[in-house]
Amino acid sequence: MSSNQPWSEQAINKVAEIAIATQIKTTESLKVNIKTDLNKLAKGQLDSIAIRLNGFLMDHELKADEFYLQIGQVTVKPLSAMRGNIRLVHPSEGSLSLTIHQDCFTAALAAALLKPKGSSETSKLRSQSSEQALGTDAIAAIRCLFADGAVTFAAEVPREGTSQSTSFTAAPQITPTGRGVSWENVGYLEGEEPWPQFTQQVLAKVDELLSLQGFERQGTSFTVQQIALADGLLTIQARADIQQFPSAS
């Protein structure tokens, strides 16, 4: 922290970082930047709050390269804030920028879809034909690639003692409510064409991973405004409506 920063900001930034750290699973770095001055702080007035998390482990074991939440002017209870418990007097608005690398997304999707090797169910499914296989239960491996506004899913599917490749691409679109995504331009690329259950279940699981509703348990709701896919990165921009700030108590 800069030595030129007012001590009031230094103090409240530190207690806010401690409060947030108690609410999250894992993060490689956490930075809170609260703008205020001593007179405003005495009244519980903050000009802005910025929270930056790098390597943040979200719900469903999905790791975000960067999670950046910017909150506008807020009013808090000053004595509670100095004890590390930032309580909003009134709801506030902000914005969220979330960036996820395709490798981290692949790891989370694979963990959600793939069954442990050697399980009796997996062995049974591997012996079934493509017509008998149900959805994603028979996937042996899967990888996601982010580029040009779309996701490419490449999977290895065990069938009748062999492993066959299949892949398809889909472009995410924000739903009218901004509460989720729908999928357009779903198309088969190469290898053996996936059966309908496969495509539907993969995209349904992706929807779960991309959902921001898990954070709403902490008193914040999000409305997705933009989704971008390029150069191996997925970026989500969303409006945030904050009812409650994460606290240590």
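Both Phe168 and Phe198 are buried, where buried means under 20% relative accessible area, exposed over 50% and partly exposed in between, computed with a 1.4 Å probe and protein chains only. The model is a predicted one, in which local features need pLDDT of at least 70 and side-chain atom pairs count only at pLDDT 80 or more, while totals for chains, interfaces and linings use all residues. Residues are numbered from 1 along each chain as its sequence is written, and side-chain values use heavy atoms, with hydrogens and water left out.

The protein chain has 6 helices and 12 strands; helices (H or I, at least four residues) and strands (E, at least two) are DSSP runs, numbered from the N terminus. Of its 249 residues, 45% count as buried. The accessible surface of the protein chain comes to about 12,500 Å², with 49% belonging to carbon and sulfur atoms; areas come from the Shrake-Rupley method with a 1.4 Å probe, and for residues only the protein chains shown count as cover. Among contacts in the protein chain with a separation of 6 or more, 56% are between residues 24 or more positions apart, a contact being heavy atoms within 4.5 Å.

An open sheet of 6 strands has the order E1-E3-E4-E6-E12-E11, and its pairing is antiparallel. Two strands are taken to pair if DSSP finds at least two bridges between them. Strand E1 (29-35) and strand E11 (220-230) stand at the edges with a single partner strand each, so one side of each has no neighbour in the sheet. On average, neighbouring strands of this sheet are turned by 15 degrees against each other, direction ignored. Helix H4 packs on the sheet and touches E4 and E6, its direction making about 85 degrees with that of E6. Axes for such angles are lines fitted to C-alpha atoms, for helices over the stretch in contact, and the angles run from 0 to 180 degrees between N-to-C directions.

Strand E6 (residues 92-101) is joined to E4 by 6 bridges, and the two run antiparallel. Gln70 stands opposite Ser95 in E6, and the bridge partner of Phe67 in E6 is Leu98. With strand E12 (residues 233-242), E6 pairs in the antiparallel sense over 10 bridges; here Gly94 stands opposite Ala240 in E12. Of the 10 residues of E6, 7 are buried, so the strand is largely enclosed by the rest of the structure.

The structure holds 4 aromatic pairs. Rings of Phe, Tyr and Trp (its six-membered ring) pair if their centres lie within 6.5 Å; planes under 30 degrees apart count as stacked, over 60 as edge-to-face and the rest as tilted. One of the pairs, Phe56 with Phe67, is edge-to-face, at 5.3 Å centre to centre and 75 degrees between the planes. Because Phe56 lies in strand E3 (residues 48-57) and Phe67 in strand E4 (residues 63-71), the pair ties together parts that are 11 residues apart in sequence. Phe56 is buried at a relative accessible area of 4%, and Phe67 counts as buried at 5%.

Phe168 and Phe198 form another edge-to-face pair, at 5.9 Å centre to centre and 80 degrees between the planes. Phe168 lies in strand E9 (residues 162-174) and Phe198 in helix H6 (residues 196-210), so this pair ties together parts that are 30 residues apart in sequence. Ring pairs link Phe153, Phe168 and Phe198 into a cluster.

Phe153 is also part of the largest nonpolar core, which has 59 residues and in which Phe105, Phe153 and Val202 touch the most other members. A nonpolar core is a set of buried Ala, Val, Leu, Ile, Met, Phe, Trp, Tyr and Cys residues joined through side-chain atoms within 4.5 Å. H6 gives the most to this core, with 6 residues. Neighbours within four places in sequence aside, the contacts of Phe153 include Leu109, Arg143, Cys144, Phe168, Val202 and Val206.

Thr106, in helix H4 (residues 102-113), is buried at a relative accessible area of 10%. Not counting residues up to four places away in sequence, Thr106 touches Ile142, Arg143 and Cys144. Ala170, in strand E9, counts as buried at 0% relative accessibility. Its contacts beyond four places in sequence include Ala150, Val151, Trp183 and Leu203. The C-alpha atoms of Ala170 and Leu203 are separated by 8.7 Å, and the two residues are 33 residues apart along the chain.
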